[in-house]
Amino acid sequence: MKKQSFINKNLFLYCGLEKEEFENVVPMIMERNVKLVSKCNIGVFLLGIVFIIVTLFVRSEDNLLAYWILVVGGLTLCVYRLLKKEIKGVAAYIFCYSMILVVLAFGMVLSLEPGNVSMPSTSFVVFLVLLPVVVNDKPYRMGLLILLCAVVYLAFSVNIKSGMAVKSDIMNVTTFSILGYMLYISITNRSVKEIFYWTQAVENERIKEEARIAEQASKAKSNFLANMSHEIRTPMNAIIGLDEMILRESEDEKIKRYASDIKSAGATLLSIINDILDLSKIETGKMELVPVNYEFSSVINDIVNMTEKKAEDKKLEFVMKVDENIPSVFNGDEIRIRQILLNIINNAVKYTEKGSIHIYISFDRVTSELKTIVEDTGIGIKPEDKERLFDSFQRLDETRNRTIEGTGLGLSISRQLAQMMEGSIEVESEYGKGSVFTIKVVQKVADDTPMGDYTKRLEKARKEEKEYVPHLLAPNAKILVVDDNDMNLKVVKFLLKKSKINITTAISGAECLELLKANKYDVILLDQMMPGMSGIETLKVMREEKLAENTPVIALTADAISGAKEMYLEQGFTDYLAKPIIYEDMEKLLIEYLGEKGDI
Ligand code: ADP
């Protein structure tokens, strides 16, 4: 099949295309031309038969008729080709050449008869019309064929004719050879271009359509996920809040244990919702890093606090080595750094049954790269699974990991976050022996003083934490809580019952404004997502109407995502409290903003 192609490897030059573009369409052109040639073959064959019959019956004085038949035949072939009727049969391709030569030979015999001076060029023209129409071959082969025919023809002409007749033959044959070749090139050239643009247009359309559908689906999915997570967080506020009440008020140990299980299940559910929110943000390109100055030791403290105990519970050795030279304050997205490290270290603990977890953290001042290596002696990862490791919702070794909680989102999110921080997460693993995860992220240095021994800081922080007694008592304080959800209002009231704070509630932004006109409060907790006036709108009116001018207003919201706090502060809120409300967080905020009235 390939041999029948007319395509020369340099033909792309004629077509004004790049070589690669040209090569892409070559197979299509070859196929199309083979079809076209076969379509025309039968026509040529029939034409040849007709021509032979006609020349046998018609004497030389009527030769013109034979040539007219040839011309009409040639045109018919053109029309035939245009109509693109499918006639298969590649073998007829070779026959096509023979037939065209037969046509030429008969033409020559007729036109070379003495007295037929005007004939040569006519026969040659007809031949040249037929040639590019029915034959598709490589340009050089086509050129050779035309040249050969011209030479043969002229050799006969010189031998048989004389004088002006020979001169006119030479002139006509040369001119029409060149014209014929040009016709051939223009036909093939056009078909290459046509196919190229046609395939490109089809391909572009297809890509566009696919992208549109994919974008639509991804948008719908992300919106759905974001809405669902928001919807789930709202009742979660009631569940976790009321569960906290049971934990506090119940005397029955058994019930307390149940409530404690609900608390930990609630925390897991929340982290899953957060992951889903993160993923939908990343997928819609809405995820943004929020750089702040932060002490790296506090990140380490949190990580150790949240993972060491789990490792100890599983009787795993937990060793953390932190380079003392790490700068004490970085500038970066603290929440996200913590999220990445926690995820990888938690995984190491989750997927290790016995042995140890070793963590090494260092900082390269030249490249500003913070590097964390997490080594475990756990179940390891099969080489063929490595590819899928960072895909969303991919959990490996499902049968083995059936009992381990997880969604398969953590690594996907972590890697994308690390990449946003000009970093990477790489993994080396031996199945059955353990894994080594290497996390690199670029962090700006805010304070270059070396951090020193983190264990000392950790001990100090732990001591302080132990000393923290969450028993706010502020009977003189008055706060206003605004939320459209009755259950949420109840939860705040319940949670703050022991603090004896005077709590007023409002079910909408409008009611809040009404209350503010007549009353003064020490702190306002203002929910965001409310029908009618949102929290931000309510705050705007409050500021415009100079209501509660010096009162701290805390945004209450289920958008517990990184950057949300900064956004609310920018809008004019004093602070921010995420839903579901964690009592300790709320208490800390109230102590801060109630001032003297909040003194315990
Ligand atoms: P999750 O842990 O919630 O399932 P991740 O995205 O964090 O999701 O991890 C994806 C999968 O990668 C896990 O389900 C687990 O099969 C595998 N994996 C992650 N970390 C480790 C590890 N340290 N050792 C072995 N397998 C791991």
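Axes here are lines fitted to C-alpha atoms, for helices over the stretch in contact, and angles run from 0 to 180 degrees between N-to-C directions. Helices (H or I, at least four residues) and strands (E, at least two) are DSSP runs, numbered from the N terminus. This is a predicted model, in which local features need pLDDT of at least 70, side-chain atom pairs count only at pLDDT 80 or more, and totals for chains, interfaces and linings use all residues. Residues are numbered from 1 along each chain as its sequence is written, and side-chain values use heavy atoms, with hydrogens and water left out.

Q: Why are H8 and H11 called oblique to each other?
A: Helix H8 (residues 253–283) packs against H11 at an angle of about 45 degrees, and their axes are 10 Å apart. Angles under 35 degrees count as roughly parallel, over 145 as roughly antiparallel, 65 to 115 as roughly perpendicular and the rest as oblique. The angle falls in the remaining range, so H8 and H11 are oblique.

Q: Which residues make the contact of H8 with H11?
A: Contact means heavy atoms within 4.5 Å. From H8 come Asp275, Asp278, Leu279 and Ile282, and from H11 come Gly410, Ser412, Ile413 and Gln416. By class, the contact of H8 with H11 has 3 nonpolar, 3 polar and 2 charged residues. For these classes, Ala, Val, Leu, Ile, Met, Phe, Trp, Tyr, Cys and Pro count as nonpolar, Asp, Glu, Lys and Arg as charged, and the others, Gly among them, as polar.

Q: What makes H10 oblique to H11?
A: Helix H10 (residues 334–350) and helix H11 (residues 410–420) pack at about 140 degrees, with axes 9 Å apart. That angle is what makes H10 oblique to H11.

Q: What is the handedness of the crossing of H10 and H11?
A: The crossing of H10 and H11 is left-handed, and H8 also passes H11 in a left-handed crossing. A crossing is left-handed if the near helix is turned anticlockwise from the far one by less than a right angle, and right-handed if clockwise.

Q: Which residues in H10 meet H11?
A: They are Arg336, Gln339, Ile340, Asn343, Ile344 and Asn347, and they meet Gly410, Leu411, Ile413, Ser414, Leu417 and Ala418 in H11. By class, the contact of H10 with H11 has 6 nonpolar, 5 polar and 1 charged residues.

Q: Is Thr372 buried or exposed, and how do you know?
A: Buried means under 20% relative accessible area, exposed over 50%, and partly exposed in between (1.4 Å probe, protein chains only). Thr372 has a relative accessible area of 2%, so Thr372 is buried. Thr372 sits in strand S5 (residues 369–376). Not counting residues up to four places away in sequence, Thr372 touches Leu341, Ile359, Tyr360, Ile361, Phe437, Thr438 and Ile439.

Q: Why does Lys315 count as exposed?
A: Lys315 has 74% relative accessibility, and therefore counts as exposed. Lys315 lies in the loop between H9 and strand S2 (317–322). Although not a glycine, Lys315 has a positive phi of about 60 degrees.

Q: What makes Glu422 exposed?
A: The relative accessibility of Glu422 is 63%, so Glu422 counts as exposed. Glu422 lies in the loop between H11 and strand S6 (424–430), and has a positive phi of about 55 degrees although it is not a glycine.

Q: Why do S10 and S13 stand at the edges?
A: Their open sheet of 5 strands has the order S10-S9-S11-S12-S13, with parallel pairing. Strand S10 (502–506) and strand S13 (575–578) each have a single partner strand, so one side of each is left without a neighbour in the sheet.

Q: How many bridges join S9 to S11?
A: Two strands pair if DSSP finds at least two bridges between them. Strand S9 (residues 478–482) and strand S11 (residues 523–527) run parallel and are joined by 4 bridges. Leu480 has Ile524 in S11 as bridge partner.

Q: What is the order of the open sheet of 3 strands?
A: The order is S1-S3-S8, with antiparallel pairing. Strand S1 (292–295) and strand S8 (444–450) are the edge strands, each pairing on one side only.
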